[in-house]
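Reader: Please take a close look at one part of this model, chain by chain if need be, and give the cut-off behind each term as you go. I would like to see overall dimensions, a single position and the contact with the partner treated together.

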Amino acid sequence: MAEQQIAKTLLSANQLTCIREERILFDELSFEITAGEIVQIEGPNGSGKTSLLRILAGLSRPYAGDVYYQGEDITRNRDEYNDDLLYLGHLAGVKTELTAEENLNFNLRISGYDEFDTRGILSKVNLAGFEEALAGHLSAGQHRRTALARLWHTNCKIWLLDEPFTAIDKKGVEELEHIFLAHAKRGGCVIMTTHQDMGIIGDDILRKISLEYRFV
Amino acid sequence: MKKGISFRQAFFTLLKRDLQIAIRHKGDIFNPLLFFILVVTLFPLGIGPEPQILSRVAPGIIWVAALLASMLSLERLFKADFVDGSLEQMLLSPQPLPLMVLAKVLAHWILTGVPLILIAPLLAVLLHLDGNSYGALMATLALGTPVLSLLGAIGVALTVGLHKGGVLLSLLILPLYIPVLIFATSAIDAAGLNLPYSGHLAIIGAMLVGSLIMAPFAIGASLRVSTN
């Protein structure tokens, strides 16, 4: 039973091709991501990591190919997919005019949660005492943490994270790795781009999808 | 950790956030209003203070100024959200996009349309607007400015990804604004001549209902194209 659950395919990419500025970033890229996997998309700058994540999230349309969530095309079944998707882009989606608490409260409510303890969640990302501070006055790392706080209160299966460790200190990176592992153990999957080496998630657990920089 | 937000709650959550942001960023409310007041007060200085001329051109001046003020404020509707990534999050939220978009447009109208409607009678006094026309002025503004916000939002959604979308935005949405302008000013003129103007109002009302139903879908689709 447990094995069956682990082998369940959550997300599959079928022959994805992406063209940006008349340059082919990747073509006919296919892969499957099963529940419990932590995937790192790696490659040099400009190789299309963010483009791939945006395509997986359904924000961009690929030039060719499809993305399937549990066997269904994500463009056909968007509401259901969005319900199970947590995407954090390299733009944090945090409003500088609102406080950290208001930001988190809004982000969680708009994702559909109605009962949560914002202060408790903020203290988990080391923002205790900054609840009332405007996000515009926070440091870059704290700003990022305000966005990442959503990871502590979610039941989305698919996490798509674009450079989640940017501006986060070493201890924060460790905490994030722990929560990624816990999420994978619960049957979710994490797909991220990062250039940073991870300490806790070793190469045996981490799966890598490599993109190359092409000149054509 | 169950999900239990109703559509209504999601709508008001977004509406409240947008109003909250605007209150902390007061320029967003006062700039269009100030523009409206300035344009209307400059006209008597430019064309002379004769009451006959002023009351003849008053409906047109007030409506053109309202239209330009509304257009001026439109760009902010999605720009900030686009720049800081909140727009992506809105597109990926499990709530229906047309509903979210409607909440944003409503917030925009409350912040730019309503103050305009409230100040309009005062400016009409400055322009010697005919006494019979006040009712028509208020009614056309109340029905017409939401149409301006809704139609304008389609243009903004299409141009939000462009760096200098301002000129393109005006070219896109001005033709859509013209019917509203024509029916609104002719309603006010008719009221000034003591003629019935309910037909004009009915047409503006129909535009409002039509855009209220269709614009949110168009805006949502445009946003998906713009963020592609």
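This is a predicted model: local features need pLDDT of at least 70, side-chain atom pairs count only at pLDDT 80 or more; totals for chains, interfaces and linings use all residues.

Author: Residues are numbered from 1 along each chain as its sequence is written, and chains are lettered from A and ligands numbered from 1 in the order in which they are written.

Chain B holds nine helices and zero strands, where helices (H or I, at least four residues) and strands (E, at least two) are DSSP runs numbered from the N terminus. Read from the N terminus, its elements therefore run α-α-α-α-α-α-α-α-α. The radius of gyration of chain B, taken over C-alpha atoms, is 19 Å, close to the 17 Å that the globule rule (2.2 Å times the number of residues to the power 0.38) gives for 228 residues, so chain B is as compact as a globular protein of that length. Along its principal axes, the C-alpha trace of chain B spans about 65 × 35 × 30 Å.

Of the 228 residues of chain B, 46% count as buried, a term that asks for 20 or more other C-beta atoms within 10 Å of the residue's own, with 12 or fewer making a residue exposed, anything in between partly exposed, and the C-beta atoms placed from the backbone.

Because B:Ala191 has 25 C-beta neighbours inside 10 Å, it counts as buried. Leaving aside neighbours within four places in sequence, B:Ala191 is in contact with B:Asn132, B:Ser133, B:Gly135, B:Ala136 and B:Tyr197. B:Ile21, by contrast, is 170 residues from B:Ala191 in sequence and 39 Å from it in space, C-alpha to C-alpha.

Turning to the partner, the contact takes 24 residues from chain B and 27 residues from chain A. On the side of chain B that touches chain A, α1 (7-24) and α5 (86-92) of chain B each supply at least two residues, and α1(B) gives the most, with seven residues. That side of chain B divides into eight nonpolar, eleven polar and five charged residues, with Ala, Val, Leu, Ile, Met, Phe, Trp, Tyr, Cys and Pro counted as nonpolar, Asp, Glu, Lys and Arg as charged, and the others, Gly among them, as polar.

Chain A itself is divided into domain 1 (1-84 + 157-216) and domain 2 (96-155), with bounds that come from an automatic or database domain assignment. The centres of these two domains of chain A, taken over C-alpha atoms, are separated by 24 Å, and seven residues of domain 1 of chain A are in contact with seven residues of domain 2 of chain A. The side of domain 1 of chain A that touches domain 2 of chain A is made of four nonpolar, two polar and one charged residues.

Definitions and conventions:
Two residues are in contact if their C-beta atoms, placed from the backbone, lie within 7 Å.
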